[in-house]
Amino acid sequence: ASKYGKLLKIASIRMDVRYVFAAQAFLAVLMFVSGALLFMLFTQKGWIVLLMALMLMLAGYVLPKAKIASAADLRQTAVMKALPFAIDLIGSAMRSGVDFTAAIRYYVANEERSAPLAQAFSIMLRELELGKTRIEAIEAMSERIQTDAFTSFAAAVTHGIEVGASIVETMKIQGEEMRRVRFNIAERKAARGASAMILPIAIFIMPAFFIVLGIPVYIT
């Protein structure tokens, strides 16, 4: 349950974990019954019908979690993509004379409301208005995003606030660090591209290749 709750929080989906379990149970039963009825139209072999129905039931059970995990991953990726620019903009606003909260408000006002990072900062601003300290609001935001890079950024900012260091300099250093992290993430994803192509090649391209070569030989 805690794992599902974590994914829901990262994906910013306001849903109780019990509804996820209910969706899994409902889809599993629905896919099992539908699969059994469907394959009974094509074959009378009970073991084939049962096997295919069980496979569809498993797919129905896994689907809700897969969708939530995908939404969480997309949201984290969007946050990491926007974070270096956000840090630079907030730092520039602070260098012009505004405080940390006003700089964040400036970023939110100039960013699309649908952007995940802007939404996360908006929630942080509301928490500040409700009485939370800066450190508490930043730590709560880090809990909602839950990426190593943003956790490092939040820790650096909170440490700077605690010891009274210049937040402007902290933001400048963290902006450079976030760009380096984003570049490393892009490199790792590019390196995984070759291995990710193995499965599609084995499933789609190789069978077609053998069919094209084998059928003429077989006919001959």
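1. Helices (H or I, at least four residues) and strands (E, at least two) are DSSP runs, numbered from the N terminus. The model is predicted, with local features needing pLDDT of at least 70 and side-chain atom pairs counting only at pLDDT 80 or more, while totals for chains, interfaces and linings use all residues. Residues are numbered from 1 along each chain as its sequence is written, and side-chain values use heavy atoms, leaving out hydrogens and water.

2. Thr-147 sits in the loop between H6 and H7. Thr-147 counts as buried, at 11% relative accessibility (buried is under 20% relative accessible area, exposed over 50%, partly exposed in between; 1.4 Å probe, protein chains only). Leaving aside residues up to four places away in sequence, Thr-147 touches Gln-76 and Met-80 (contact means heavy atoms within 4.5 Å).

3. Gln-146 lies in the loop between H6 and H7. Its phi is positive, near 55 degrees, in a residue other than glycine. Gln-146 is partly exposed, with a relative accessible area of 22%.

4. Ser-12, in the loop between helix H1 (2–10) and helix H2 (17–40), is not a glycine either, yet has a positive phi of about 60 degrees. Ser-12 is partly exposed, its relative accessible area being 41%.

5. On the surface, a patch of negative charge gathers Glu-136, Glu-139, Glu-143 and Glu-162. Patches are made of residues with over 30% relative accessible area and no salt bridge, like charges being joined within 9 Å and nonpolar side chains (Val, Leu, Ile, Met, Phe, Trp, Tyr) within 5 Å. A salt bridge is a side-chain nitrogen of Lys or Arg within 4 Å of a carboxyl oxygen of Asp or Glu. Helix H6 (residues 134–145) gives the most to this patch, with 3 residues. Glu-162 is found in helix H7 (residues 148–163) and is exposed, at 54% relative accessible area.

Terms used. Accessible areas come from the Shrake-Rupley method with a 1.4 Å probe; for residues, only the protein chains shown count as cover. Lys and Arg count as positive and Asp and Glu as negative; His and the chain ends are not counted. The place of a charge is taken as NZ of Lys, CZ of Arg, CG of Asp or CD of Glu.
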